[in-house]
Amino acid sequence: MKCIKGKTLKIVNRLLLGTLLVSPYVIAEEPLSDLDLDLDSLMAMDVQVTSAMKRAQSAFDTASSIYVLTKEQITHSGATSIPEALKLVPGLVVRQLDNNQWAITSRGVASRFSAKLLVMIDGQSFYTPKFAAVYWETLNVPLYDIERIEVIRGQGGLLWGSNANNGVINIITKNSIDTRGVYADVSSGSQINHDVNLRYGSDIGNKGSFRLYGHVRDGDESDKGISLEPADFTEQQSAGVRFDFTPNDEWSGLIQGNITQSSLGQNFRGVIDETNRNISFTDDLDRTDSRVMARIENRISANANQMLQTSWLKQSGSQTFLQEHFESFDIDYQMNFLYNDLKLDWGLNYRYNDISFAESSFVRSDGGYNTLHQYGALIQGQYSLIADELDIIVGAKVEHNDLTGWENQPLARLVWKPQKNQVIWTSISKSVRVPSLIEFNDDFTIDGQRVDEVSPITTGINAIDKYYIRTYLNGNENVKSEKSVSYEVGYRLTQGSWALDLSAYHTKAKDVIAITVDSNIEQFLPIFGLLQAGQLDLAMQSLTTTSINFDIVSNAQVTTNGGDIILTWQPSDIFNAELGYSYNTFNYDLAENTFPAIGYDSKSRQLFAKTDIELFDNHRLFASIRVENSNAYDVDNYTALDLTWQWAFHQNWSAAIMGKNLFAGSHIEYSNTGETFTLPNYIDESVTFKLIAKF
Amino acid sequence: MQKIKRVFLGLTLPLLLIQSQSVNAIDTEYALKAGFLFNFARYSEWTDTSNAVDHFVLCSPDRDFIDIASTVLSNRKVNNLPISTKTVSLTDADLSQCQVLFITSDTLNQWLNSTLGKLNNIMIVGETEDFITQGGQIRFFLSSGKIRFEVSPEKLTAAQITMSSKVLRLGRVVEL
């Protein structure tokens, strides 16, 4: 009896402490009788000790640098898009290129086309094998119906698959049983003409529930551009639905879908004519993004469960010089169970990608990769070496892809809980990044090189010497997958109303892509021959058929080091505060005659503070401040304050006023334009008003 | 007798070890359900105040559940009354001291086979499929591994209990 009680105490403690620790509503190490039995918290907890994978069970015990952004933080902050919500995560790099486009990553250098961060909605991946980009601007998820956003800084390769070297962002939406009723909000302000959300949810008999939602956004251009007038308007319409079924306690299922239609203005720079030079221009991008996902979960017993998930993603984009079409189909099976002190997870996955691209002046495919298949398996075991004190986790994921063949991603972790309120963890993991098609297959036209820059011989004839030769970023099949090994260590402590989360890492990546210039000197010899024969016209004509390749090669090494500190304080229910500091260094080790493809040697520091205060009845103030100090983006350091005041003036109605980027002034957040064809704009302070109704 | 017990334990110990995690998993579920029951009590009003009580009593015929609930709910209060937890047998006399009665799946048969008078002023909660038609007012169910509940406000009213709309809103309302 006593023994059962002791065990119960431990379980309850672990359960409540773990789940809630990283939320701002910290449950600290307190006597059990003081534990938070708030209904909201209870409803958020899993009954299973095993939980569906692609989900972090307990943030406190997790042997990786995880941060959970709670639904309270998302709604209190007044964020109007997913990237804005991600600004609330300490240690995440969230830089805005213009009013539509974002560069987001952790533990590395963010890029508009960053291939190393895996983004998922309810476990559905949004990775595109062509550009390795996430289209943040068209990723529509109703923020008011998000349960939480789990962010893993660092390698998430094992459970989540390839291309998760820098981190994983998993957006988990609410079960529709928790979103019954009507929700509506309307926002307008200095950068948003209008942003309207509407949702209706209800029961389906006593076996399920559903919600329908729609979203319309009309956004303004930025105030100030760098070389062109800003054109970054947004016109977006989105609709979605989610059904949840619970025929009985053992089985549950969900089906959800979303379609988003966007028209986005953008300033580009690209080679579009015979001058072979980059030309700046303004264009509209029309995109249609659709997704459907279905999942069946089965509780086999109290200590085993299984999950089957299938999803479909379709994205098409159309702009004057680029037509793209991408579809993917995923199927995942996972099973988790406990046997004695061993917790075992295993799973199988298959992904089919269909990529079609109209020939364009930018991108030319070498062909052969219109469809890509990917399949794999994973197994992970967690064993208690000392019950409730020391756990070892060992696992491996093996996956096959059509570009680089079989890849394996093993890991080993140790979790030690010297006391109930302290966790020390360490981990060694290997992670793989499969090249995108741009790197592996395509030729991307880039700013032309002048003859006298690349040819050892000059002719003295300006028409020839100053001629810009067509230049390609040449993706090729010699490109290998990038492999990185990461050593991580972390410590978590809760004491009274305080919580501390420390993590540090050292990651070494090899076979990283770099660029080497192949001037192909021989191609100029006939031209010099023609010149010597006095045939200038013919020489000029031949010159137009020459080209220079910026070949992608997999011979660089990158070392990244850094760490994160997050201190949370919640002295009472009506006040909490968080202070964070992140430090990251990024260093290339390049072979001779090569230069970096993504990012360059740099050091980034971020100081972060946020607070959520209930000032007096029905009034709430949410503030966050970010001090961004980095030489990785070719821009000045900046400090931005976001402030939101919310007033619930009626039991169904509330109003908010939000100030974004305050005190930062007109600033540029990202200027690595060599890596992107987007021309950034100045990011300005903005004010938004919002009215919210719930029935 | 003790010796027999010890021998028996020794023999079954390996088996118990295999079962041990299973016990843990059930503990988790019952710890959470105890928390829900606490909230049901907190946000409800027992309108029949003819019997003055000095304790708020949570009952169940399931001893394992009561063991867990007593840990989770120790030193908690409902309407300024301290909560006590009791393992009861399903008799009118035993149940007369309860404000909340939880019938677990293991004790459902006891409940179905019991011959009880009209249970007034008691919130009766279950976790099995048709529990509300079997005399309960509230029933827990699981959706994607999380606890949710069905509630019949009519039946609660009939038992002279009023539940706050704050909680009703979170449940699935059953009209009978």
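How many bridges join strand β2 (residues 56-60) of chain B to β5(B), and do the two run parallel or antiparallel? Two bridges join them, and the strands run parallel. This briefing describes a predicted model, a complex to which the predictor gives an ipTM of 0.82 and a pTM of 0.89.

**Confidence in the model**

- Chain A has a mean pLDDT of 88, with 92% of its residues reaching 70 or more, but over residues 1-6 of chain A the pLDDT is below 50, and this stretch has four contacts in the model beyond near neighbours in sequence.
- Residues 8-34 of chain A also have a pLDDT below 50, and for this stretch the model has 84 contacts beyond near neighbours in sequence.
- Chain B has a mean pLDDT of 84, and 83% of its residues reach 70 or more; over residues 7-23 of chain B the pLDDT is below 50, and that stretch has seven contacts beyond near neighbours in sequence.

**Chain B as a whole**

- Chain B contains six helices and ten strands, and 42% of its 176 residues count as buried.
- Among the contacts in chain B with a separation of 6 or more, 58% are accounted for by residues 24 or more positions apart.
- Eight strands of chain B form an open sheet with mixed pairing, in the order β3-β4-β2-β5-β6-β7-β8-β10.
- At the edges of this sheet stand β3 (77-78) and β10 (172-173) of chain B, each with a single partner strand, so one side of each is left without a neighbour in the sheet.
- Helix α2 (residues 63-72) of chain B packs on the sheet, where it touches β2, β4 (81-87) and β5 of chain B, and its direction makes about 155° with that of β4(B).

**Strand β5 of chain B and its partners**

- Strand β6 (residues 123-126) of chain B pairs with β5(B) in the parallel sense over four bridges; in β6(B), M123(B) is the bridge partner of V100(B), and G126(B) is the bridge partner of I103(B).

- β6(B) and β7(B) pair in the parallel sense over two bridges, and R139(B) in β7(B) is the bridge partner of G126(B).
- On joining strand β8 (residues 146-151) of chain B, β7(B) runs antiparallel to it over six bridges, with V151(B) in β8(B) as the bridge partner of I138(B).
- β7(B) and β8(B) form a hairpin with two residues between them, and S144(B) in the turn has a positive phi of about 50°.

**The sheet of chain A**

- Chain A has an open sheet of five strands with mixed pairing, in the order β1-β6-β7-β4-β5, and its edge strands are β1 (65-70) and β5 (124-125), each of which pairs on one side only.
- Strand β6 (residues 146-153) of chain A pairs with strand β7 (residues 167-173) of chain A in the antiparallel sense over seven bridges, and E150(A) stands opposite N170(A) in β7(A).

- S81(A) lies in the loop between α3 (71-77) and α4 (82-86) of chain A, and S81(A) is buried because 20 other C-beta atoms lie within 10 Å.
- S81(A) and S202(A) are 121 residues apart in sequence, and their C-alpha atoms are 25 Å apart in space.

Methods
Residues numbered from 1 in each chain as written. Chains lettered and ligands numbered in written order. Predicted model: local features only at pLDDT ≥ 70, side-chain atom pairs only at ≥ 80, totals over all residues. Buried ≥ 20, exposed ≤ 12 C-beta atoms within 10 Å, placed from the backbone. Pairing = 2+ DSSP bridges. pLDDT = per-residue confidence, 0-100. Contact = placed C-beta atoms within 7 Å. Axes fitted to C-alpha atoms, helices over the stretch in contact; angles between N-to-C directions.
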